[in-house]
Structure formats: C-alpha cells, structure tokens
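The following questions and answers are meant for someone meeting this structure for the first time. They take up one element after another.

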Amino acid sequence: MEETYPVESYPYVSQSFKCNDYFVEYKKVLSETLYKQEAELETKSTTLEKIACMMGISLSECTDLEQKCSILQLENVNDPVDPLELKVRSEAMSADDKLEKATRTLSTAVELKAIKAHPLQYEKKLRDLKKMSIPTFKQEPNPSPEVKLPKEFVMIARVFRPFRSHMGSHTVAHAQDFMLLGSQNLVDFRDKIKCMNDDLPVGEAGAIKDHIKSGMFFFGNTFYYDGRVLTNINYGEVIERWAKEKPEMKLGPFENRDMAECKIADLEIRLGFPYVFMHLGSCEHLVTFLDARLMDPEDLQNPDEYPLVVETENEVMYCFACDVHDSSYYVDDDQMPTKPVNLCEQCFEVFYKRNGVIPPTTEEVYYCKFPGKATIDEKSEEVLESSD
C-alpha cells in the first residue's frame with residue numbers, strides 16, 4: 001500500500017512497527033526502570049504506603065503531604081499562604097460553599113451559579129446533560145493507582161465515512177473512534193464498524209448488510225478477509241488478480257489472511273497512515289491508528305466491553321410516535337408513555353398545537369427544538385464550497 005501512497009506524502013506518520021514486538025520490548029524496559037519496585041510494592045497493603053514507597057519517602061511524610069495538598073486547604077487567592085505554613089483543616093466544605101469559592105476564579109462556576117438562580121434554566125441544563133451519549137458500562141469512579149506492569153495494550157483506531165478515490169483531496173469526515181485491545185481479533189473490530197450504507201433496503205428482502213457479509217481490511221501489503229461465511233468473497237484475491245493483469249501498475253506481491261485468525265497485536269502498522277476497510281462490494285472506508293499505549297487504571301478493565309466505541313457521528317433519531325421521520329423536538333411530558341421522548345415536527349404539532357398556536361413550555365410540559373441538521377447532500381456541498 002505504501003507503494004501506492006508513499007510515506008513521504010504523510011510527514012506526520014510514525015515509523016512502521018510490529019505491535020506485539022514493540023510492546024514486548026517496551027514492557028521489558030519498564031520492568032527494569034519504573035516498575036523495578038513492583039515486588040516491594042506488592043508487600044504494601046494500602047495505597048498511601050505504595051505511593052510513599054514509589055516516592056522514596058516515609059509514610060508519615062507522605063501522610064503530611066497528602067493533608068497539605070488536600071482540596072480542603074484551598075484558600076482565597078487574594079490572600080495566599082505559604083504551603084509550609086498550611087494548617088490541616090478537618091471540616092469538609094459543602095457543595096454550595098465550594099461553588100461560592102470557585103466563582104472567585106472560575107468563569108464556568110459563575111455561569112453555573114447564575115443558572116442555579118433560575119430553576120427552569122437549571123432543569124434544562126440537567127436535561128441537556130442527560131441527553132448526552134453516556135456509555136452504558138459501569139466504571140470504578142476513583143480507580144486506585146496501578147502499581148503492576150499492565151499486561152494489555154490499547155490501540156486507538158479511527159474509521160472514516162465512505163470514501164471514493166475520485167473525491168480527490170476533499171475532506172472526509174470520520175465516523176467512529178475505537179479503543180481496541182491487542183489480544184482481540186480483527187473480526188471483533190470489523191463487527192463494531194457501522195456504515196450509513198448498511199441499512200440500505202434490497203427490495204423486500206431487508207437490509208443489504210444481511211445479504212452481503214463480505215469484508216476486508218488492507219494493512220501494509222496484506223488483505224485480511226472475513227471468511228466466517230462460506231459464500232463470502234475474498235476481495236483481496238479479486239484485487240490481486242486485477243493487479244497481475246496490469247503489471248504496469250507495479251502493485252504487489254500481496255498476502256491474504258483470515259481476519260478471524262489475526263489479532264490486533266499481529267499487525268505491522270504506522271500511526272497516522274491511511275489504511276482501508278472495504279465491505280458491501282465496493283464501499284470503502286479509510287482507517288487510521290491514532291495511538292498505541294499500555295492500558296491504565298482509568299481504562300475500562302472488562303475486556304468483554306471491547307472494542308469500545310469512544311466517539312461516533314450523530315445518528316438519526318427517529319420519532320417516538322411515528323418511527324418514520326427524524327426527531328425535531330425533545331419532550332418531557334407526564335402524559336407520554338415514557339419520558340423524555342423525541343418527536344418529529346409533524347407529530348409534535350398534532351399533539352400540542354391548539355388553534356394554530358403551540359403553547360409555551362412549562363414545568364409540566366417541557367420541550368425544546370433540536371438544532372437544525374444538515375442532510376448528507378447539504379454537508380457534501382458545504383465541504384465542496386469550503387474546498388473551493
């Protein structure tokens with residue numbers, strides 16, 4: 001692939017590396033440096049003892065340091081105090097006291113205080129937060145510091161919206177970002193990718209994704225095909241035959257591997273380099289790897305939750321009532337079977353318009369209109385105009 005897209009054209013990409021080999025060597029270096037005290041740390045029972053050991057100070061010094069660095073020691077910035085002269089305060093501050101103190105320096109706290117003074121605005125703020133895309137998994141709120149060398153590593157992958165070569169240099173929006181574990185197979189990654197073309201209808205036979213299940217990744221000079229279904233087509237073999245028929249293109253040689261038998265750790269990649277995912281016969285997506293690192297305590301520790309979608313483009317929210325049109329209104333009304341609900345323009349007017357007028361929102365019936373959404377064609381036109 002680098003013969004077709006020279007690395008020199010992408011100055012921001014990393015050196016090529018084999019994922020597994022790199023992290024084996026990296027963990028070896030860490031075990032001899034930062035994690036050299038791991039055996040001693042395992043004898044410590046509390047987090048504070050482990051921190052003191054890692055810092056090379058006594059437990060009493062670490063305890064004193066923890067108290068002096070506590071949030072309870074926050075003082076008025078207009079009356080600074082020498083850190084060595086701090087006296088430990090035992091009383092905890094209430095949420096309102098913390099907000100009052102924070103308004104002296106933080107503009108966001110000033111805004112929050114102003115919103116809390118108006119109950120309806122504060123309630124709207126809470127509703128907006130509830131509408132955000134929050135992961136369904138449970139995570140420990142305050143994970144303890146990790147003192148053991150992580151065994152697993154994480155890859156951050158980005159999948160873009162469908163792309164065609166004739167689009168030239170036009171910007172292609174990304175669709176999803178993933179966290180992948182090195183121990184996972186490529187089929188796990190493939191099954192999590194969503195495409196706007198997946199649900200295109202095939203007459204009365206259902207969605208196209210239910211009939212064309214072939215798929216392929218192209219990393220380096222290797223095609224990774226989906227061989228789980230006997231009728232699946234190996235796109236790599238088709239492309240390889242085409243390349244042999246056109247020797248002037250100077251493409252290949254290529255390798256073909258079943259993605260079900262290949263782990264993320266087996267890949268040899270460059271960070272930032274554009275690779276390809278292909279499905280549905282001719283639907284192509286660019287794929288890039290943004291980062292590679294060891295797993296840390298703040299990551300989700302349950303491997304069954306991976307590949308984890310950490311960012312995705314806005315999806316169509318169909319109307320709760322008709323399930324046909326895209327939603328235009330967010331409604332919180334006790335008269336609805338569930339609350340809150342999303343309604344389209346037509347259904348909203350049927351439910352709430354009286355004598356040609358829609359009554360204002362109240363505490364009993366709250367609604368707000370979603371920001372206007374541009375269609376795919378409109379977005380494409382905006383991209384073309386911006387590129388011109």
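Q: In which strand is His279 found, and is His279 buried or exposed?
A: His279 is found in strand β8, where helices (H or I, at least four residues) and strands (E, at least two) are DSSP runs, numbered from the N terminus. Buried means under 20% relative accessible area, exposed over 50%, partly exposed in between (1.4 Å probe, protein chains only). Because its relative accessibility is 4%, His279 counts as buried.

Q: What kind of model is this, and how are its residues numbered?
A: Residues are numbered from 1 along each chain as its sequence is written, and side-chain values use heavy atoms, with hydrogens and water left out. This is a predicted model, in which local features need pLDDT of at least 70, side-chain atom pairs count only at pLDDT 80 or more, and totals for chains, interfaces and linings use all residues.

Q: Which residues does His279 touch, not counting residues up to four places away in sequence?
A: A contact here means heavy atoms within 4.5 Å. With residues up to four places away in sequence not counted, His279 touches Arg190, Cys195, Asp198, Ser214, Gly215, Tyr235 and His285.

Q: In β8, which residue is the bridge partner of Met216?
A: Strand β4 (residues 215-219) pairs with strand β8 (residues 275-279) in the antiparallel sense, over four bridges. In β8, the bridge partner of Met216 is Met278.

Q: What are the edge strands of the open sheet of eight strands?
A: The order of the sheet is β6-β5-β4-β8-β9-β2-β3-β10, with mixed pairing. An edge strand pairs on one side only. From one strand to the next, the twist averages 25°. The edge strands are β6 and β10 (308-312).

Q: How many residues apart in sequence are Glu255 and Asn221, and how far apart in space?
A: Glu255 lies in strand β6 (residues 255-258). Not counting residues up to four places away in sequence, Glu255 touches Asn221, Thr222 and Phe223. Glu255 and Asn221 are 34 residues apart in sequence and, C-alpha to C-alpha, 6.4 Å apart in space.

Q: Which strands do the buried residues of α9 pack against?
A: In α9 (residues 235-245), Tyr235, Gly236, Glu240 and Ala243 are buried. Seen down the axis of α9, these residues fall within an arc of 130°, so they line one face of the helix; the arc is that of the directions from the helix axis to the C-beta atoms. The buried residues of α9 pack against β4, β5, β6 and β8.

Q: At what angle do α3 and α4 pack, and how far apart are their axes?
A: Axes are lines fitted to C-alpha atoms, for helices over the stretch in contact, and angles run from 0 to 180 degrees between N-to-C directions. Angles under 35 degrees count as roughly parallel, over 145 as roughly antiparallel, 65 to 115 as roughly perpendicular and the rest as oblique; α3 and α4 are therefore roughly perpendicular to each other. Helix α3 (residues 47-55) packs with helix α4 (residues 59-68) at an angle of about 105°, their axes being 9 Å apart.

Note on methods:
Pairing = 2+ DSSP bridges.
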